[in-house]
Amino acid sequence: MIRANNPNLSSWIDVESGSDFPIQNIPFGVFSTAESSPRVGTAIGEYVLDLSALAELGYFDELEFDIGVFKSDSLNAYMASGQSTWRSVRDRISQVLASENSTLRDNATDREKVLIPMSMATLHLPVDIRDYTDFYSSIEHATNVGTMFRDPDNALLPNWKHLPVGYHGRASSIVVSGVNINRPKGQTKADDADTPSFGPSRLLDFELELGFFTGRNNPLGQSISTGDAEDYIFGMVLFNDWSARDIQKWEYVPLGPFLGKSFASSISPWVVTLDALDPFRVSGPDQDPEVLPYLQYDGEHNFDIALEVQIQPEGGDASTVCNSNFKFMYWNMAQQLAHHTINGCNIDVGDLYASGTVSGHTPDSYGSMLELAWKGTKPLTLKDGSERKFILDGDTVIMKGHAEKDGVRIGFGEVRSKVLPPL
Ligand code: CA
């Protein structure tokens with residue numbers, strides 16, 4: 001077991017039960033306050049721990065890495081310091097926060113410098129995202145979409161069970177939780193129209209996903225095996241891959257999604273490390289037919305992470321519209337990375353890879369409005385009595401996620417974004 005994951009650990013900082021950020025989590029993010037510029041921190045209970053200030057006070061002195069990586073407005077430099085540093089730093093933070101460790105606990109001057117109530121911190125996009133790839137790895141989601149738009153008897157295309165289908169997305173428009181999204185405009189064409197028209201998207205949707213960041217690069221021309229893939233993965237965030245279904249439908253043939261996807265994607269601010277998620281590994285589904293050797297893997301690479309989506313209308317209460325789980329994914333992250341690099345494509349520190357919409361088996365576990373309201377034929381009713389086929393202006397979409405076992409809850413916080421009218 002990774003020492004920092006021990007369920008018996010507790011912190012001298014009061015962490016309420018049900019908090020996403022107990023001492024076993026130690027996620028990484030970038031924050032600023034009224035007094036300080038953006039820098040790297042971690043979350044513990046209702047506090048942000050300033051890792052840059054902690055480092056300057058000497059708390060990492062026995063570790064061999066450049067503490068300057070924390071005085072940065074992104075996690076990229078820290079991620080580039082490598083997996084052994086990620087592990088020793090997380091372990092050291094765990095020690096400093098542990099109930100029995102008096103060093104920081106009993107030093108009021110130091111505590112004042114490093115602990116900030118989360119309500120006083122502004123959380124920023126945690127990573128300078130270099131490249132973004134979107135996979136399509138939920139068999140339930142791919143089956144639902146294939147059933148709706150093609151043939152219920154042949155919902156999956158012939159390639160789907162042989163490779164993790166993906167496409168190259170747009171990194172520049174990825175924003176952090178709290179940033180509002182303007183409804184995109186574009187070309188659409190009604191089924192009964194001869195020519196396309198231009199205007200605001202009428203079928204704006206969310207996609208419930210998780211994304212992972214790589215913190216290590218590989219040279220151009222070299223691939224990464226499924227066995228090595230997780231050594232490249234720093235951690236994960238919640239990912240809302242905003243989608244304009246009407247724009248997407250008209251534009252996507254033959255080269256795939258473009259402007260219907262590239263206007264925005266939203267991520268949660270705290271990157272939960274793969275190490276913190278280690279206790280929540282589960283077996284993936286049987287893959288039949290057998291996949292090619294470069295996609296075969298040993299061990300457990302699926303993760304039991306409960307996911308939830310809420311819609312909050314302007315001035316109203318939030319209604320839960322979806323409960324899903326990341327454990328349902330057909331293709332795991334190790335396979336995704338192995339496939340991504342099998343042609344020699346190099347990956348970089350700060351690249352983001354999204355899972356694809358995470359849908360479960362039941363209609364209330366579908367990860368998009370397209371599926372939940374089944375192409376607009378089964379509108380959802382929210383708490384205020386209003387109906388939704390897709391997302392309306394003024395709606396706030398909130399996604400949450402957490403893993404829980406042995407009394408330990410490792411949470412992602414949330415990704416929350418409000419849809420504004422088109423500009
Ligand atoms: Ca997607």
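**Figure 1. Pro289 lies in the loop between strand S18 (281-282) and strand S19 (302-303).** The model shown here and in the other views is predicted. The peptide bond that leads from Asp288 to Pro289 is cis, and its omega is near 10°.

**Figure 2. A cis peptide bond runs from Val253 to Pro254.** Omega for this bond is near 0°. Pro254 is placed in the loop that connects helix H7 (245-251) with helix H8 (259-262).

**Figure 3. Ile26 has a positive phi without being a glycine.** The phi angle of Ile26 is about 55°. Ile26 belongs to the segment before strand S1 (29-32). Is Ile26 buried or exposed? The relative accessible area of Ile26 is 2%, which is under 20%, so Ile26 is buried.

**Figure 4. Lys375 also has a positive phi and is not a glycine.** Here phi is about 60°. The residue sits in the loop between helix H10 (369-372) and strand S23 (380-381). Lys375 has a relative accessibility of 43%, and because this value falls between 20% and 50%, Lys375 counts as partly exposed.

**Figure 5. Seven residues, Phe28, Phe60, Phe65, Phe70, Tyr78, Trp86 and Phe234, form one aromatic cluster.** In the model, 14 aromatic pairs are counted. One of the pairs joins Phe65 and Phe70, with ring centres 5.7 Å apart and ring planes at 75°. Why is this pair edge-to-face? The angle of 75° is over 60 degrees, so the pair counts as edge-to-face. Phe65 is buried at a relative accessible area of 14%, and Phe70 is buried at 0%.

**Figure 6. The charged end of Arg216 sits over the ring of Tyr232.** The distance from this charged end to the centre of the Tyr232 ring is 4.1 Å.

**Figure 7. The largest nonpolar core has 53 residues.** Which members touch the most other members? They are Phe206, Met236, Ile305, Val321 and Phe326. Strand S26 (residues 408-420) gives the largest share of this core, with five residues. Leaving aside residues up to four places away in sequence, Ile305 touches Leu210, Leu277, Ser324, Asn325, Phe326, His402, Ala403 and Phe412.

**Figure 8. Helix H3 covers residues 83-97.** At 1.5 Å a residue, the 15 residues of H3 should span 21 Å, and the end C-alpha atoms are 21 Å apart, so the two values agree. Which residues of H3 are buried? The buried residues are Thr85, Trp86, Val89, Arg90, Arg92, Ile93, Ser94, Val96 and Leu97. An α-helix has 3.6 residues a turn, so residues three or four places apart point the same way.

**Figure 9. The chain that holds these sites has ten helices and 26 strands.** Its C-alpha trace spans about 70 × 55 × 35 Å along the principal axes. A compact globule of 423 residues would have a radius of gyration near 22 Å, and the chain has 22 Å, which agrees. Of the 423 residues, 54% are buried. Among contacts with a separation of 6 or more, 72% are between residues 24 or more positions apart.

Technical notes
Residues numbered from 1 in each chain as written. Predicted model: local features only at pLDDT ≥ 70, side-chain atom pairs only at ≥ 80, totals over all residues. Heavy atoms only, no water. Phe/Tyr/Trp six-rings, centres within 6.5 Å; stacked < 30°, edge-to-face > 60°. Buried < 20%, exposed > 50% of the residue type's maximum accessible area, 1.4 Å probe, protein only. Lys NZ or Arg CZ within 6 Å of the ring centre and 35° of its normal. Core = buried A, V, L, I, M, F, W, Y, C linked by side-chain atoms within 4.5 Å. Helix = DSSP H or I, 4+ residues; strand = E, 2+ residues; numbered from the N terminus. Contact = heavy atoms within 4.5 Å. Expected span 1.5 Å × (residues − 1). Rg over C-alpha atoms; globule rule 2.2 N^0.38 Å.
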